[in-house]
Amino acid sequence: MKVLLFANTDWYHYNFNLPLARVLQRQGVQVLLISPPGRFAARLVEAGFRWIALPMNRLSLNPWEEFKLLRFIIDLYRRERPDLVHHFTIKCVVYGSIAARAVGIDRRVNAVTGLGHVFTGDSLRNQFLRPLVRRLLQLALTGRLCRLIVQNPDDFSAFADEQLLPAEKIRLIRGLGVNIERFSPRLLGAETPETTPPGPSRYPPLKVLVATRLLWEKGLREYVQAARLLKNSGHDVEFLLAGDPDPGNPASIQTEQLMAWRNEGIINFLGYVDDMPGLFSRVDVAVLPSYREGLPQCMLEAAACGLPLIATDVPGCREIVEDGINGLLIPPRNSAALAEAIAHLDRNRAQCRVLGDASRRKVLQDFDEKTILRMTLNVYREILHS
């Protein structure tokens, strides 16, 4: 049997799809990964997988270029003849499903994290594209042996309410799961006091981290504003930012802006970090002030490492953060609320440990990678045996 996994970046395959690919390979399945080329392609090949590069520009609106891309995918699908295709993110879902239908591949799994910025953004470009994308999604998602995987109940309702496909064809699988052996709590030292004493702090600066794709919709403007507020009020907090810009996304933050923040002394910009467990072991709080998520992998991994979480009360984030239990939820687009949440944990260091312990327990209970992979394979079996 052959399974084809189609993502919009080789980075996505490397960071999110390798566990699934490895499980399939161990079961004797031929796995083919396809994506646009990038610096992670060599790592996919080194991991023992076939990978094929696509001539795909994620920002393109050129009809001729898009037609050539679709033609390329159709030819690839016809040549490879996979038994099942699994598409990730909206553009891959649309193009991959059209190609699959064109060559008679009926067994299709489509995974999305929300309807995308075309449906959530208010720009003229998005308003123009919305009816076209809705029609293409209806075409892509229909079929007796086609299933859609979403990561939170809000997205489940959104796709059903938009009448893009029947609700019985949607499967809710909360996130991609976490390797709980690789992402585990650091060794903790002596007990911290209940509160920081008045006067100059005798304790190390609180280290907070945002680790995500560097997009404006991740709330990075609010993160920087919160950093300014706290530094101006005398809080000794270190603000870390890990990740890369995403040139293929129209919401990507420019490198010049990141360098300006770093030069201002507000943010310690780390860039892409390979050793995320090591980074989580060196920080105190994980933050994600996003406007909307599917289910943020960065927060799952931070929770698995026993960190307290601060996130916005939006779809996806509230699936992993329970306010007052394992973290703090704040309103979106509110830098003052974010600053106050960080200041609260700075003043109450012992609560960080309580929240962090609860984070680890939540991951063990609900987000173990083995459980999530088993649910995904059950979707495969459902359509393979129909």
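By contact I mean heavy atoms within 4.5 Å. Keep in mind that this is a predicted model.

The helix pair is α8, residues 220-232, and α13, residues 335-347. Two packed helices are described by the angle between their axes and the distance between the axes. Here the axes come within 8 Å and cross at roughly 55°. The crossing of α8 past α13 is right-handed.

Which residues meet? From α8 we have Glu222, Tyr223, Gln225, Ala226, Leu229 and Leu230, and from α13 Ser335, Ala336, Leu338, Ala339, Ile342 and Ala343. Sorted by class, this contact holds nine nonpolar residues, two polar and one charged.

Now the sheet. It is open and has six strands, paired in parallel, in the order β10-β9-β8-β11-β12-β13. Which strands stand at the edges? They are β10, at 268-271, and β13, at 327-330; each has a single partner strand, so one side of each has no neighbour in the sheet. On average, and ignoring direction, neighbouring strands are turned by 20° against each other.

Within the sheet, β8, residues 206-211, runs parallel to β11, residues 285-288, and two bridges join them. Valine 208 stands opposite valine 285 in β11.

Back to α13, which packs on this sheet. It touches β8, β9 (237-242), β11, β12 (309-312) and β13. The direction of α13 makes about 160° with that of β13.

That is what I have; questions are welcome.

Terms used
Residues numbered from 1 in each chain as written. Predicted model: local features only at pLDDT ≥ 70, side-chain atom pairs only at ≥ 80, totals over all residues. Heavy atoms only, no water. Axes fitted to C-alpha atoms, helices over the stretch in contact; angles between N-to-C directions. Helix = DSSP H or I, 4+ residues; strand = E, 2+ residues; numbered from the N terminus. Left-handed = near helix turned anticlockwise from the far one by under 90°. Nonpolar A, V, L, I, M, F, W, Y, C, P; charged D, E, K, R; others polar. Pairing = 2+ DSSP bridges.
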